[in-house]
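Hello,

Here is the structure for you to take over. My notes follow below it.

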Amino acid sequence: MNRVILIGRLTKDPDLRYTSSGRAVANFTLAVNRPFRNAQGKNEADFINCQTWRKQAENLATYMKKGNLIGVDGRIQTRTYENQEGKTVFVTEVLAESIQFLESRNTSEKPNRSKQQAIDTANDMVRNSVETKDVQDDDLPF
């Protein structure tokens, strides 16, 4: 089973691009807080690279910006490619199958969700992630 659920903040605006066939793809990085403090008493975070496709990619790039809190439900994927120097590069990232916006796009003016609502949404994502899903060839990002 390959299932990942994350709640974190965007470290920068999502990078929206289009494939040669016109499919939207967005790459983004989430800062996910660790559940403990370091020896100096400070919170640490992991920075997790993610990717999403099609309309979800366009919506993410349109409505979410650096610093926004989102929930991601997806799976880990690995891939390799050859860089300009001819070296093989290995990439591990989360393929986001579902993204929940956990606050409004302008949080400084008027947040539209409380912390408890964000937790409830994350819990719903966990419960819904155990369902089996039919995957069609068109759903695959490669």
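This is a predicted model. I start with Arg54, which lies in helix α1, residues 54–63. Its phi is near 60°. That is a positive value in a residue other than glycine. Arg54 counts as partly exposed, because its relative accessibility of 29% falls between the 20% and 50% cut-offs.

Next, the core. The largest nonpolar core has 14 residues. Those with the most contacts inside it are Leu6, Phe28, Leu30, Ile70, Val72 and Ile99. Four elements are listed as giving two or more residues to this core: β1 (4–10), β3 (24–37), β5 (69–82) and β6 (88–101).

Strand β5 also holds Asp73. Is Asp73 buried or exposed? Asp73 counts as buried, because its relative accessibility is 4%, under the 20% cut-off. Its side chain has a polar partner: a contact of 3.0 Å joins Asp73 to the side chain of Arg3.

Last, confidence. The mean pLDDT of the chain is 84. Of its residues, 73% reach 70 or more. Where is confidence highest, and where is it lowest? Strand β1 is highest, at 96. Helix α2, residues 115–129, is lowest, at a mean of 63. Over residues 108–112 the pLDDT is below 50. Beyond near neighbours in sequence, that stretch has 5 contacts in the model.

Best wishes

Notes
Residues are numbered from 1 along each chain as its sequence is written. This is a predicted model: local features need pLDDT of at least 70, side-chain atom pairs count only at pLDDT 80 or more; totals for chains, interfaces and linings use all residues. Side-chain values use heavy atoms; hydrogens and water are left out. Buried means under 20% relative accessible area, exposed over 50%, partly exposed in between (1.4 Å probe, protein chains only). A nonpolar core is a set of buried Ala, Val, Leu, Ile, Met, Phe, Trp, Tyr and Cys residues joined through side-chain atoms within 4.5 Å. A polar contact is a pair of N or O atoms within 3.5 Å; within protein, one must be able to donate a hydrogen and the other to accept it, and residues adjacent in sequence count only if both atoms are side-chain atoms. pLDDT is the predictor's confidence in each residue, from 0 to 100. Contact means heavy atoms within 4.5 Å.
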